[in-house]
Amino acid sequence: MPELPEVESARRGISAQLGGRTIAAVDLRLPKLIVSASGLTVDMLAERAILDARRHGKYLTLDFGDIAAVVHLKLSGQIVARGDNITGFAAGHPVPAYDAELPHKSTHLILTFACGATMYLTDIRHFARVQLIPAGDLEAHFAKLRLGVDAISPTFSEELFRQRLERRGTARLKPLLLDQTFIAGLGNIYVDEALHRAKLHPERIAGSMSGEETARLHGAIVDTMAIAVPIGGANILNGRAGTDVGEFPFVHGRKDLPCVACGATIVKERVNARGTYRCPMCQPSPD
């Protein structure tokens, strides 16, 4: 957390409600939040408008003309906007609660807009970063990140997925899907969901999959994103999903609860040191 759906929710909120709005004041409360090797400072955003908000994988890019701000919420970043002339939105990590009084001790950056709206970036674990980059250097910056195709991009086709799997045939599925250079945007929650939907074990070897299984996994990723993106992401709090069996997510955070597909008990294991949830009936161990 936050993964593609949460970051996309932030992008949509910013684009719809703050796009074209001018920043009147900047209040930075955690200096290490800002990364800049170009002499740019966050105060330079004052009197500039957000011209565009884009996303690739888990990276959110705000366009201020000749300056770009690349936001990575890491493990626990959160963006909330409130105030005059906007309906308000909240996205990212669910702690603190989206309706908590702001600012609070975990609020690290406050952008006040001329229209009366305010956007807050908070992070209870202090890992989030905002990198200020000259607009002309943005393409080179992302080239260095070597991000894979975005998981909800139209270019994420079944054929492209098949070709990439063939090149990484010895990899185990879960670590591979978590690799941002393979597919950008998927994290622990949505990889578990996609593998459960595709009925594939997290440690299945990519090269061992049939054409039908490959198609099934691609479809499962697409379907999982189609569920998660419109609702702003999974309802996970303190590592646990809601107790309603029919509520998304269907497997992640549901240890000891029944599988929505077959009723078997969901188990939690470790795969590459990541807490991993699966159904032992739908996703049996590889032979």
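Below are some notes on the sheet, the aromatic pairs and the cysteines.

This is a predicted model, where local features need pLDDT of at least 70, side-chain atom pairs count only at pLDDT 80 or more, and totals for chains, interfaces and linings use all residues. Residues are numbered from 1 along each chain as its sequence is written, and side-chain values use heavy atoms, with hydrogens and water left out.

**The sheet**
- Five strands make an open sheet in the order β2-β10-β5-β4-β3, with mixed pairing (strands are DSSP runs of E, at least two residues; helices are runs of H or I, at least four, and both are numbered from the N terminus; two strands pair if DSSP finds at least two bridges between them).
- β2 (34-35) and β3 (52-56) sit at the edges with a single partner strand each, so one side of each has no neighbour in the sheet.
- β3 pairs with β4 (residues 59-63) in the antiparallel sense, over 5 bridges.

**Aromatic pairs**
- The whole structure has 5 aromatic pairs (ring centres of Phe, Tyr or Trp, the last by its six-membered ring, within 6.5 Å; planes under 30 degrees apart are stacked, over 60 edge-to-face, the rest tilted).

**Cysteines**
- There are 0 disulfides (cysteine sulfur atoms within 2.5 Å).
- The sulfur of C259 is 3.7 Å from its closest cysteine sulfur, in C279, too far for a bond.
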